[in-house]
Amino acid sequence: MKVIVCFKEAPDLERMAPADWETDAALKPDTRFVPTVLNVYDESALEMALRLRDAARGREKTTELIALTVDSVSPPRMLKNLLALQYDRVVKIESSLDLRFHALAVAKLLAAFIKTQDDAPVIFCGVRSNEGDNGKTPLLLAEMLGIPCITPVIDATLAAPDESLDVTVDIDGWRVGQRVRAPVVLAVGNVAGSSLRIPTLKDKMRVKGREPEMILPAGIDVEEIAAVMAREEELVSLKTERQKRDTAFVRGQDMAETAAIFYNQYLKKRAGI
Amino acid sequence: MKLSREQIVNRLQEMLGRERVITDEAVLKASSIDRFRKYEDICGVYTRPVPAAIAQVGNEEQVAKVLHFMNENKLNAVPRTGASATEGGLETAVENSVVIDGAGMNEIIRIDTYNMLATAQCGVPLQVLEDKLREMGYTTGHSPQSKPLAQMGGLVATRSTGQFSTLYGGIEDMVVGLSAVFPNGQIIRVKNVPRRAAGPDIRHVIIGSEGALCFITEVTVKIFRYMPENHRFYGYTLDSMKTGFEILREVMVEGYRPSIARLYDVEDGAFHFSHFAADRCVLIFMAEGAKGIVEVTGQAIEAIVSRYSECNAVDSRLIERWFTHLNWGPENIARERVEIMETQNIGFTTEVSGCWSIIHEIYENCVRRIRDEVPDITMVGGHSSHSYLNGTNMYFVYYYNIVDCKPEEEVMKYHDPINKIIVEETIRLGGSMVHHHGIGKARAQWIKEEYQSSYYVLETLKRAFDPEGIMNAGTIIPLPVK
């Protein structure tokens, strides 16, 4: 089975200073001064793929893992860590374009690489990233490849004995299971307990000399991608929407009376009791 | 005759009132350790003797009563305030210990801006004191990473230092006077004066005593004018730690006192600075204080660094953003717990110091040996973060995967061997095995090697002030090996 995990690093917005949030002429906040972190949903996807590989050990057919990114900020050290975790290939699509907020362009680049693969792959993507937060990339990618997209996936396990996967999705708190076969895009959502494992120094030594692949897939026209980006939605202005809400201070003689007033006069009515 | 747990609890309740004596089993278990055994805590496996009770003292007299009672009955007392210790100092190493918790003694007693003094009870969180002072235009100058958690008594007891120590010094340079209670119930006060030559400076019997001699109840520290408008940050990437140490030395020897002078190696730097310093060391300075001093300090730093062609300056905003997220509060600890549970990867630090002539060798030897000798290491590196005229510290940072190991075996399999390497190499080369976390119980086993012939003084102090050995048994001076 071939598994391709699409991932990206994004700025750690928790580390932004107030001044960084003041938008520039292009109405973008300034993220240059904060470190990047692995997008949390992509991290879950990367770990989920490793667990699949672990589970497949000892089976007749091997699992090939490819980690794929188009971002320009992933530190080389992070890419090498994925090799140390035994991703068979770590591929970075080279691009000088600022792809942030351009889901269509990102999907085109990812699709171009995936189309060069001989085997039909299972494709994992994080459902969204903290940068842009549009949640479009997995859906656009699936559409371009003409394959199904399942979202938001919270678990994927090997289904014995063939190459199918049992996939669990979370829909408004309901868990739904389904059995799928490649090719398919699995958009990984909020998965508890899915931090990416950490390679040891010995793991890193084992892949010393191996480097992530920097490629521009055949059939990619950078100018066309740039044109796609130019046509995509552009933020032209920002306006604060003020929502006025009534405020009341609940005050009783003591905490018990305050709680009683709060319950009887406010909560009860809202809860329809 | 030894008192039973019930008798101990009853007597404490008589002295303090029932509400001040905690006997909840879960709280007691959590209070049997500190962050040195955070993996055991996360796994819910507690291997230290569970204390009989936690006594929440509210004033100096209560501390005196409790200590007197414990001394009379030869019961072990573990003083505690913010509970942010990392070296096992808060572990209850013997049966039927009582944790004496001073966190409730949290009154800021006086801020004297004429004599530049702030007096606080032991349980005042440093963050609270610092926030209050900053509102008034002053600062303690003390900023350990644990500032959101640590409290004044514990900071003094562990001989803490802070991120601005290169300018303001460690807590030992800040404490003007203090109060403490000794195990026989004796309450003492060291008065506040700018300097004294009336014999030995007895503040230093108490500062750094880690609860093994007395219970610190009140502290008076210096305060300084706070002028954030003058802060300047400087950052550089460079090839080698050796060059970095040379630059730190030149800044100090030429007489400049930046508040921050830090040098990160590649591995540790990757945690913080991967967005601008891929595979390079990082050198950081911050200058603060009066405008003229800041300008001169900044110019000197730039001039000194410019002598080294391998250094490349980076945008100061990169350093400023990094600095504002350096402290560790409860939210960081909660996040760390989740990450450890999910990845079974855990990180610790060990800090040492040495003169300029040996610090690079300490750094290189420790990193090399840990890499070679300890299994399942995922990262080992470090930084220098506190510099002096004569040398600097090394703050080793290391992470490992916990593999095929019960929670109760983690310290023995990984942490102790790493500490052993760092302590062995540092002492062999002539440095100190502890820079600012305290000895705790984790490094008490090497105390004689650390003190060498001067151990006589330490041992005599312990015997003189704690003849029954009831103060934080096993901390600083190890328990006898059974």
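In what order do the strands of the open sheet of chain A run? The order is β9-β8-β7-β10-β6-β1-β4-β5-β11, nine strands with mixed pairing. This is a predicted model: local features need pLDDT of at least 70, side-chain atom pairs count only at pLDDT 80 or more, and totals for chains, interfaces and linings use all residues. Residues are numbered from 1 along each chain as its sequence is written, while chains are lettered from A and ligands numbered from 1 in the order in which they are written. Helices (H or I, at least four residues) and strands (E, at least two) are DSSP runs, numbered from the N terminus.

**The sheet of chain A**

- Strands pair if DSSP finds at least two bridges between them.
- The edge strands are β9 (174–180) and β11 (213–215) of chain A, and each pairs on one side only.
- On average, neighbouring strands of this sheet are turned by 35° against each other, direction ignored.
- Strand β8 (residues 165–171) of chain A runs antiparallel to β9(A), and seven bridges join them.
- A:Thr168 has A:Gly177 in β9(A) as its bridge partner.

**Helices on the sheet**

- Helix α1 (residues 40–56) of chain A packs on the sheet, where it touches β1 (2–6), β4, β6 (122–126), β7 (149–158) and β10 (184–188) of chain A.
- The direction of α1 makes about 150° with that of β6(A).
- Angles run from 0 to 180 degrees between N-to-C directions, and axes are lines fitted to C-alpha atoms, for helices over the stretch in contact.
- Helix α3 (residues 103–114) of chain A lies across β1, β4, β5 and β6 of chain A, at about 135° to β5(A).

**Helix α2 of chain A**

- A residue is buried if 20 or more other C-beta atoms lie within 10 Å of its own, exposed if 12 or fewer, and partly exposed in between; C-beta atoms are placed from the backbone.
- In α2 (residues 76–84) of chain A, the buried residues are A:Met78, A:Leu79, A:Asn81, A:Leu82, A:Leu83 and A:Ala84.
- Their cover includes β2 (9–11), β3 (36–38), β4 (64–69), β5 (89–93) and α5 (201–206) of chain A.
- After α2(A) comes A:Gln86, with a positive phi near 75°.

**Backbone details**

- A:Thr151 and A:Pro152 are joined by a cis peptide bond, with omega about -10°; A:Pro152 lies in strand β7 of chain A.
- Another cis peptide bond joins A:Ala182 and A:Pro183, with omega about 0°; A:Pro183 is in the loop between β9 and β10 of chain A.
- B:Asn472 is not a glycine, yet its phi is positive, about 45°.
- B:Asn472 counts as buried because it has 30 C-beta neighbours inside 10 Å.
- B:Ile476 also has a positive phi, near 65°, and lies in the segment after α18 of chain B.

**Two helices of chain B**

- Helix α10 (residues 241–253) and helix α12 (residues 291–306) of chain B pack at about 140°, with their axes 10 Å apart.
- That angle makes α10(B) oblique to α12(B). Angles under 35 degrees count as roughly parallel, over 145 as roughly antiparallel, 65 to 115 as roughly perpendicular and the rest as oblique.
- B:Ile247, B:Glu250 and B:Val251 in α10(B) meet B:Ile301, B:Ile304 and B:Val305 in α12(B). Residues are in contact if their C-beta atoms, placed from the backbone, lie within 7 Å.

Technical notes. Two residues are in contact if their C-beta atoms, placed from the backbone, lie within 7 Å.
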